[in-house]
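Welcome! Take a moment to turn the model around on your screen before reading on. The report below walks through it piece by piece.

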Amino acid sequence: MEKRTNSPFPAIDRPVMAVVGVVLVIGTGLFMWSDRAHDWRFYQMEFAQLVADQFGADKAAEVPTGMQQIWVADLERADRCTTCHLGVLWKGFEKAEHPYRTHPEAPLKTHPLEKFGCTSCHGGQGWAIDTAAAHGQVAHWEEPLLSRSLGESYTLAGDKNALMQMNCNTCHRYDRETNGATAINLAKRLVTDKGCRACHVINGYGGTIGPDLTEVGDKAPEQYDFSRLSGQRTAFAWHVAHLKDPRALAEGTIMPNFNFTTEQAQALSMLVLSWRRHDVPARYLAGAPRTDPRSAEELAAEEAMKTGPGRWFVDTGCFVCHSVSALGVKSPAQIGPDLSTAVEDTQSRFGLTVDAFLANPTGTMSVVLSRQIILTPEQKQVAVQKLREAFAEHQKQRAAGVTTAPAPSH
Ligand code: HEC
Ligand code: HEC
Ligand code: HEC
Ligand code: HEC
Ligand code: HEC
């Protein structure tokens, strides 16, 4: 008997084709099963039922079905969150469970959904349509939903829902204050009051003693040294610990310990992590001008000091960290001691004349004088002269019963 040879496949390929066929059938089956397991259809049915119960069948017929998507071309976002969160713009479900609940009105009034989508504020994976993936609870997704539950796992001391404010600040970075971003507002006030810019460039200006912080939120997890950190090993936890006690994480750093409370350190960590390079179109950046400038009062105070007897300390930049109260110079940050009595204090603190201290400074001043304010030996002599004048003025005022110099901050 002769074998039939008109089969399109050589005999050897038949088992292969059979396997391929079986795999296809199983694959299709799995696909259909997993598609059924997507719970969004269930949420849509439930929501339609809720609407029917509350407003009648006619209204329920208006509930959209199928996959929903908000496409924001400017932000390159395709957010499908409303596939499940169908109640966002409906009235009457303010008390319903998630994902059916009506959205708080205020944020969407100033940020219409068609322009902002959902993920620009909340984070998460816009295009995903199952809950865990959409909420970004999956490996290698860098923008998890900044939710209340994540805030709880980060043990936030204040508002547990505050993490979202990191996203608010990608657009509101240059605001002095943003309504609704309480933690970020607190942190921005601390940056000004504590004078972080004495040592750090932030948004384009500041000192060069510490690293530029303008894009520090982009640091990858691998770039952090977690070896001295106990507990959670997240960038957030690292910054909280560092802000609370810089020396505990960065040995020998001259960054001062500002004795922040946990709530303050957490707010500052959110602010620091919000400082990222973001490709947000300029019209999405709220607040003008877009330079994070100093306030009119700050500039006026500086101008006034520049015309007074302490002008050298202002022009040279010492006032960024030091007050010289005998000469009417008030430092906004007061990171170092008042220099009115430095002539005396370097003796008692370091056992050095002020000349010797400035010639061979230690601690913070060694970094200041080598990286930020470079003085020639002649200019150092001027500095000594000015410090002596300040001390003489201080003594004169003390003799006259005027107390301008506060006790040194050490
Ligand atoms: C497949 C359905 C589904 C999709 C898609 C979905 N969610 Fe949810 N969402 C839920 C459910 C269910 C809950 C309540 C249970 C939970 O928190 O997991 C919820 C809860 C939430 C909460 C409250 C969380 C908390 O901790 O209090 C927020 C915020 C939220 N979703 C935002 C989003 C955003 C933003 C997207 C789009 C990126 C999205 N969701 C996409 C189903 C979904
Ligand atoms: C402008 C920013 C912004 C946009 C855009 C936005 N939200 Fe919200 N969302 C908020 C704020 C603010 C809250 C209130 C948080 C609070 O109460 O602390 C909130 C609350 C929520 C909650 C309740 C969370 C909770 O913990 O109770 C859900 C769910 C939610 N939003 C989903 C969405 C979805 C889905 C979209 C897109 C259709 C969206 N949001 C768009 C800012 C925004
Ligand atoms: C994608 C960018 C973006 C995000 C994210 C964003 N905003 Fe806005 N926001 C804007 C823009 C743009 C305006 C309009 C500003 C204007 O008209 O000057 C605005 C307006 C506002 C206003 C009204 C300001 C005013 O002066 O009337 C408030 C308050 C506000 N946002 C708070 C928030 C909060 C809180 C969040 C986070 C929950 C947030 N925004 C998230 C871009 C954003
Ligand atoms: C006297 C100078 C000085 C002042 C003032 C100062 N810092 Fe620092 N900061 C440093 C130095 C130096 C480093 C690098 C060593 C280290 O990590 O401590 C640093 C590091 C940091 C880092 C880590 C940067 C990175 O790349 O990981 C952050 C964040 C930071 N500072 C925030 C702040 C904030 C917020 C303030 C104000 C509350 C502040 N600093 C005030 C000197 C200063
Ligand atoms: C970035 C902040 C910063 C700047 C700018 C700065 N200092 Fe200091 N300075 C300090 C700190 C902090 C100390 C306290 C010693 C320490 O912590 O190492 C100090 C200490 C001193 C002391 C010793 C005073 C004492 O009472 O012990 C003198 C003198 C001094 N600085 C002079 C100057 C002069 C002059 C300038 C300007 C040319 C200047 N500093 C600029 C931060 C600064």
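The protein has 19 helices and four strands. Please keep in mind that this is a predicted model. Of its 410 residues, 29% are buried. If you take the contacts in the protein with a separation of 6 or more, 49% of them are between residues 24 or more positions apart.

## Around the ligands

The table gives the shell of each one by residue class.

| Ligand | Nonpolar residues | Polar residues | Charged residues |
|---|---|---|---|
| Ligand 1 | nine nonpolar | twelve polar | five charged |
| Ligand 3 | ten nonpolar | nine polar | no charged |

Ligand 1 is surrounded by 26 residues, and the closest are Cys-81, Cys-84, Gly-124, Ala-134 and Ser-147. Two or more residues of this shell come from each of the helices α2 (40-55), α6, α7 (131-134) and α8 (148-153).

Now look at ligand 3. Its shell holds 19 residues, with Cys-168, Cys-171, Asn-179, Gly-180 and Ala-286 as the closest. Three helices, α4 (105-110), α6 (119-122) and α9 (165-171), each give at least two residues to the shell around ligand 3. Which helix supplies the largest share of the shell around ligand 3? It is α9, with four residues. On the scale of domains, both domain 1 (40-143) and domain 2 (162-284) contribute at least three residues each to the shell around ligand 3.

Ligand 4 has 25 residues around it, and Cys-196, Cys-199, Gly-210, Ala-250 and Thr-253 come nearest. Helices α10 (182-194) and α13 (262-274) each supply at least two residues of this shell. With three residues, α10 gives the most to the shell around ligand 4.

## Two pairs of helices

The helices α10 and α13 also pack against each other. Their axes are 8 Å apart, and the packing angle is about 95 degrees. Angles of 65 to 115 degrees count as roughly perpendicular, so α10 and α13 are roughly perpendicular to each other. On the α10 side, the contact is made by Ala-183, Ile-184, Leu-186, Ala-187, Lys-188 and Leu-190, while α13 brings Gln-264, Ala-267, Leu-268, Met-270 and Leu-271. By class, the residues of the contact of α10 with α13 are nine nonpolar, one polar and one charged.

A second pair lies further along the chain. The axes of helix α16 (residues 342-350) and helix α19 (residues 377-399) come within 8 Å and cross at roughly 105 degrees. How are α16 and α19 oriented to each other, roughly parallel or roughly perpendicular? They are roughly perpendicular, because the range for that word runs from 65 to 115 degrees. Here Ala-342, Val-343 and Glu-344 in α16 meet Leu-387, Arg-388 and Phe-391 in α19. The contact of α16 with α19 has four nonpolar, no polar and two charged residues.

## Some residues to look up

In the loop between β2 (77-79) and α4 you will find Pro-99. A cis peptide bond joins His-98 and Pro-99, with omega at about 10 degrees.

Next comes Thr-155, in the loop between α8 and α9. Thr-155 is not a glycine, yet it has a positive phi of about 50 degrees. Is Thr-155 buried or partly exposed? Thr-155 counts as partly exposed because it has 13 C-beta neighbours inside 10 Å.

Gln-334 sits in the loop between α15 (311-316) and α16. The phi of Gln-334 is near 50 degrees, a positive value in a residue other than glycine. With 19 other C-beta atoms within 10 Å, Gln-334 is partly exposed, since a residue is buried if 20 or more lie within that distance.

Finally, find Glu-114 in helix α5 (residues 113-116). Glu-114 has 8 C-beta neighbours inside 10 Å and therefore counts as exposed.

Notes:
Residues numbered from 1 in each chain as written. Chains lettered and ligands numbered in written order. Predicted model: local features only at pLDDT ≥ 70, side-chain atom pairs only at ≥ 80, totals over all residues. Axes fitted to C-alpha atoms, helices over the stretch in contact; angles between N-to-C directions. Parallel < 35°, antiparallel > 145°, perpendicular 65-115°, else oblique. Contact = placed C-beta atoms within 7 Å. Nonpolar A, V, L, I, M, F, W, Y, C, P; charged D, E, K, R; others polar. Near = placed C-beta within 6 Å. Domains from an automatic or database assignment. Buried ≥ 20, exposed ≤ 12 C-beta atoms within 10 Å, placed from the backbone.
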